[in-house]
Amino acid sequence: MDKEYLSVGEISKEVGVETHTIRFWTSMFEKDIVFIVGKGGRRYFHRSCITTFKAVNTLIHHHGYKIKHIIENNTLQKYLSNELETKSEDVSKEILLQIH
């Protein structure tokens with residue numbers, strides 16, 4: 001069974017970046033990445049945050065965006081919205097294929 005909340009280390013493994021990168025992105029994208037603070041001040045992220053961290057990683061490392069540009073132009077929200085639309089279309093196509 002998957003855990004609902006993940007530590008910084010678990011998120012970093014899922015996303016494929018170092019823990020300090022996750023902490024930095026958390027501070028830069030504080031409107032988009034929500035976490036809870038557990039015992040000892042540890043940060044725990046909802047499993048859904050993996051998608052956001054992966055999107056940030058893709059925008060920076062695969063598309064070459066600068067963090068400043070992502071923040072100023074709402075690029076992260078646009079990217080996530082586009083990803084959601086694409087997945088929705090893919091699911092719709094899959095359902096149609098199953099019907100026929």
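In the predicted model, helices H2 and H3 pack with their axes 11 Å apart and at an angle of about 95°. The two helices are therefore roughly perpendicular to each other, since angles of 65 to 115 degrees fall in that class. On the H2 side the contact is formed by Ile-22, Trp-25 and Thr-26, which meet Phe-53, Val-56, Asn-57, Ile-60 and His-61 of H3. By class, 5 nonpolar and 3 polar residues make up this contact, and no charged residues take part.

Helix H2 spans residues 19-28, and within it Thr-21, Ile-22, Trp-25 and Thr-26 are buried. These four residues cover an arc of only 140° around the axis, which places them on the same side of H2. In general, an α-helix has 3.6 residues a turn, so residues three or four places apart point the same way. The partners of the buried residues of H2 are both helices and strands: helix H1 (8-15), strand S2 (35-37), strand S3 (43-46), helix H3 (49-61) and helix H4 (67-72).

Helix H3 also packs against H1, here at an angle of about 50° and with the axes 10 Å apart. This angle makes H1 oblique to H3. The crossing of H1 past H3 is right-handed. Ile-11, Glu-14 and Val-15 of H1 and Ile-50, Phe-53, Lys-54 and Asn-57 of H3 make the contact. Its residues divide into 4 nonpolar, 1 polar and 2 charged.

Ile-50, found in helix H3, has a relative accessible area of 8% and is buried, the cut-off being under 20%. Leaving aside neighbours within four places in sequence, Ile-50 is in contact with Leu-6, Ile-11, Glu-14 and Val-15. Ile-50 and Val-15 are 35 residues apart in sequence, while their C-alpha atoms are 6.9 Å apart in space.

Thr-58 likewise lies in helix H3. With a relative accessible area of 19%, Thr-58 is buried, because the class includes values under 20%. When residues up to four places away in sequence are not counted, Thr-58 touches His-63 and Tyr-79.

Key:
Residues numbered from 1 in each chain as written. Predicted model: local features only at pLDDT ≥ 70, side-chain atom pairs only at ≥ 80, totals over all residues. Heavy atoms only, no water. Buried < 20%, exposed > 50% of the residue type's maximum accessible area, 1.4 Å probe, protein only. Arc of directions from axis to C-beta. Contact = heavy atoms within 4.5 Å. Axes fitted to C-alpha atoms, helices over the stretch in contact; angles between N-to-C directions. Parallel < 35°, antiparallel > 145°, perpendicular 65-115°, else oblique. Left-handed = near helix turned anticlockwise from the far one by under 90°. Nonpolar A, V, L, I, M, F, W, Y, C, P; charged D, E, K, R; others polar.
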